[in-house]
Amino acid sequence: MISVAEIDPKKAYFIRHKVLWPHKKINDCGIDIDHHEDAFHVGAYCYEELVSIGSFFKLKNKKLPFDNQYRLRAMATLYNYQKIGAAKALINFSTEKLRILNQDIVWCDARIIAVPFYEKIGFIKIGDPYDIPIIGAHYLMYKTL
């Protein structure tokens with residue numbers, strides 16, 4: 001059973017470290033704007049275990065011609081819980097919140113490995129891949145709300 005709720009950003013550190021940033025110490029898995037007033041963080045639970053996380057920030061990407069934008073960062077799902085619908089439920093919960101906030105789109109820097117997931121849930125890939133040092137190749141992707 002999957003449930004989704006907003007979470008404190010510190011609850012995301014374990015999954016950020018385990019899945020996204022194993023090269024960092026767990027206490028260094030914060031994002032400088034985690035506590036900004038417009039930020040929110042979402043977690044998906046399988047029963048009582050936090051298995052998927054995503055952080056959302058009110059940030060504009062100049063490459064996208066939309067006024068009201070949020071950026072998705074640090075989206076990750078524990079390996080043993082991928083493909084059970086947790087990440088999709090997290091995105092559905094978050095996009096509904098963003099609609100209520102009158103946002104036009106949500107965008108992200110998607111790792112190459114995650115592009116098929118994002119495309120499956122309605123994100124559009126634009127441009128050429130680009131490299132984020134230490135982490136690897138990404139695509140800019142967005143979803144209209």
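Which residue lies over the face of Trp21? In this predicted model, the residue over the face of Trp21 is Lys24, at 4.3 Å from the ring centre. This report describes the sheet, the helix and the aromatic rings in turn.

**The sheet and the helix**

Seven strands form an open sheet, and their order is β1-β2-β3-β4-β5-β7-β6. The pairing within this sheet is mixed. Strands β1 (2-6) and β6 (124-132) stand at the edges. Each of these two has a single partner strand, so one of its sides is left without a neighbour in the sheet. From one strand to the next, the twist averages 25 degrees. Strands of a sheet pair through backbone hydrogen bonds, either parallel or antiparallel. Strand β5 (residues 105-111) pairs with β7 in the antiparallel sense, over seven bridges. Within this region, Trp107 has Tyr142 in β7 as its bridge partner.

Helix α1 (residues 13-20) lies across β2, β3, β4 and β5. The helix runs at about 70 degrees to β4.

**The aromatic rings**

| Pair | Centre to centre | Angle between planes | Type |
|---|---|---|---|
| Phe40 and Tyr70 | 5.8 Å | 50 degrees | tilted |
| Phe66 and Tyr142 | 5.5 Å | 50 degrees | tilted |

The pair of Phe40 and Tyr70 links distant parts of the chain, as the two residues are 30 residues apart. Phe40 belongs to strand β2 (residues 40-46), while Tyr70 belongs to strand β4 (residues 69-77). Phe40 has a relative accessibility of 4% and therefore counts as buried. Tyr70 is also buried, with a relative accessible area of 4%. Ring pairs join Phe40, Tyr70 and Phe56 into a cluster.

Is Phe66 buried or partly exposed? Phe66 is partly exposed, because its relative accessible area is 23%, and the limit for a buried residue is under 20%. Tyr142, at 14% relative accessibility, counts as buried.

**Charges over rings**

Phe40, already described as a member of the cluster, also has a charge over its ring. The charged end of Lys97 sits there, 4.8 Å from the ring centre. Trp21 has a lysine over its face as well, namely Lys24.

Methods: Residues numbered from 1 in each chain as written. Predicted model: local features only at pLDDT ≥ 70, side-chain atom pairs only at ≥ 80, totals over all residues. Heavy atoms only, no water. Phe/Tyr/Trp six-rings, centres within 6.5 Å; stacked < 30°, edge-to-face > 60°. Helix = DSSP H or I, 4+ residues; strand = E, 2+ residues; numbered from the N terminus. Buried < 20%, exposed > 50% of the residue type's maximum accessible area, 1.4 Å probe, protein only. Lys NZ or Arg CZ within 6 Å of the ring centre and 35° of its normal. Pairing = 2+ DSSP bridges. Axes fitted to C-alpha atoms, helices over the stretch in contact; angles between N-to-C directions. Contact = heavy atoms within 4.5 Å.
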